[in-house]
Amino acid sequence: MKIEITTLPNGLTIVTDPMPHIETATIGVWVEAGARHETAATNGVSHLLEHMAFKGTTTRSARRIAEEIEAAGGYLNAYTSREQTCFYARVMKDDVALGADILSDILINPTFSADELAREKKVVLQEIGQSEDTPDDIIYDHLQAAAFPDQPIGRPILGTEETVNRLGRAALRKHLATHYVGPAMTLIASGRVDHRKVVALAAEKFAPIRKAEKKDPPRARYKGGDRRRTQKLEQAHLTFGVEGPCVTDADAFTAQVFSTAFGGGMSSRLFQEVREKRGLAYSVHAFSHAFADTGFFGVYAGTGAKECAEIAPVVVGELEAMATGATEEEAARARAQAKAALFMGLEGPSARAEHIAGQLSAYGRVMPADEIAERIEAVDAAALRRFAGRLLKSKSPAVAALGPVKGLEPYARFAARFG
């Protein structure tokens, strides 16, 4: 990756990642504004703005936006996370200027038409309803809320029916004016691109972006707790979590390798013990999420009502086994999986652009892939054992459960297994 970085006078950062052997490019804008930058009253505004940006500008209708990009064979997309919102275009190499023009237009000149807003709120409410109908998806929102109650990082990215219905054009404009400022925005172009041309494009198209102070979100406070809801479903969806490392923690890469060894594949401890040996769940895996100032390590299992009671003791038992018996063989296997995922994920321009955005947000620089691989390679069995011990010392674990979960052991009993 031969990355070049330029910062414009208005604070907008321009990054190019040339891939001269391909015929396409991804150009996108990452904004340091997501769900954790919202208040309780404006929960969901980041995601709603993401939708509304495509619904018309002072120069283009929603239909024209779609027709222009598709006439060139490209496509537009966007997503909202807890810490960022991204808008990007995938285009042919000769259409990078078109992608930049449309992106700048939707971010600088959105009209937030009242009619479009009313329609798009219905779409977002349908999206919320769909997530509620997908228990193995919505359960992670419940776990996040249990871990970080009554604070922005614990609220759903989509918002709620109540908050979305309440949001109006004024809220969208305020969010745009507050957070869509140069120092909080990064334009990344990956693929068949030329740095000087991209910088010139950005300087022209994004000149109206203001240089103003970037607004940091409230600091996260992990608390933990219990959220379970009995519901008529075929499966019980169980999640367990504890506080993990933030992106700059020395254990951030240890957590990545650990989650792979513990529950990241068919050879992992959880898969072998929970599914292969005991037949307790069809789906079981571990995950680790790192944010700017906190982190989260968790386990998901989809199981039956009768098997519900056995899952929690087995998960903690395997965690204890890792703390005393993680081997060099499983550490090597997890490292290989993590490195393969890294390099395989860097083979396409969209994934590379997203990788760059995450690196800049976390470290203020783009860590070379070889350096990341070295940090992964440094995680040995001793590190896995130590990290398992760190997790077991956690106080106030988070539990979220949905479905036929009456058999799940009480929270106090589960919490007593930690600390």
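In which sense do strand β2 and strand β6 pair, and over how many bridges?

## The pairing of β2 and β6

In this predicted model, strand β2, residues 13-18, pairs with strand β6, residues 185-191, in the parallel sense. Six bridges join these two strands. Within strand β6, Ser190 is the residue that stands opposite Asp17.

## The sheet as a whole

Strands β2 and β6 belong to an open sheet of six strands, whose order is β1-β2-β6-β3-β5-β4. The pairing across this sheet is mixed. Its edges are formed by β1, residues 4-7, and β4, residues 75-80, each of which pairs on one side only. From one strand to the next, the twist averages 15°.

## Helices against the sheet

Helix α8, which covers residues 195-205, packs on the sheet and touches β1, β2 and β6. The direction of helix α8 makes about 150° with that of β2.

Helix α13, residues 349-363, also has a place in this arrangement: it lies across β1, β2, β3, β4, β5 and β6. Of these strands, β3 spans residues 24-31 and β5 spans residues 85-92. Helix α13 runs at about 145° to β6.

## The cavity

When the whole structure is searched, one cavity of 30 Å³ or more is found. The largest cavity holds about 100 Å³ of space. Its lining consists of 13 residues, and those nearest the centre are Phe240, Val299, Val315, Leu319 and Phe418.

By residue class, the lining of the largest cavity comprises 11 nonpolar and two polar residues, with no charged residue.

## The second largest pocket

The second largest pocket contains about 240 Å³ of space. It is lined by 14 residues, of which Glu132, Ile138, Asp141, His142 and Pro156 are the closest to its centre.

The elements that give two or more residues to the lining of this pocket are α4 (114-132), α5 (135-147) and β7 (225-230). Helix α5 provides the largest share, with four residues.

Key
Residues numbered from 1 in each chain as written. Predicted model: local features only at pLDDT ≥ 70, side-chain atom pairs only at ≥ 80, totals over all residues. Heavy atoms only, no water. Pairing = 2+ DSSP bridges. Axes fitted to C-alpha atoms, helices over the stretch in contact; angles between N-to-C directions. Contact = heavy atoms within 4.5 Å. 1 Å grid on protein atoms, 1.4 Å probe; cavity = no way out; pocket = protein on both sides within 12 Å on 5 of 7 lines; lining within 4 Å. Points joined across faces, edges and corners; volume = space filled by probe spheres on them. Nonpolar A, V, L, I, M, F, W, Y, C, P; charged D, E, K, R; others polar.
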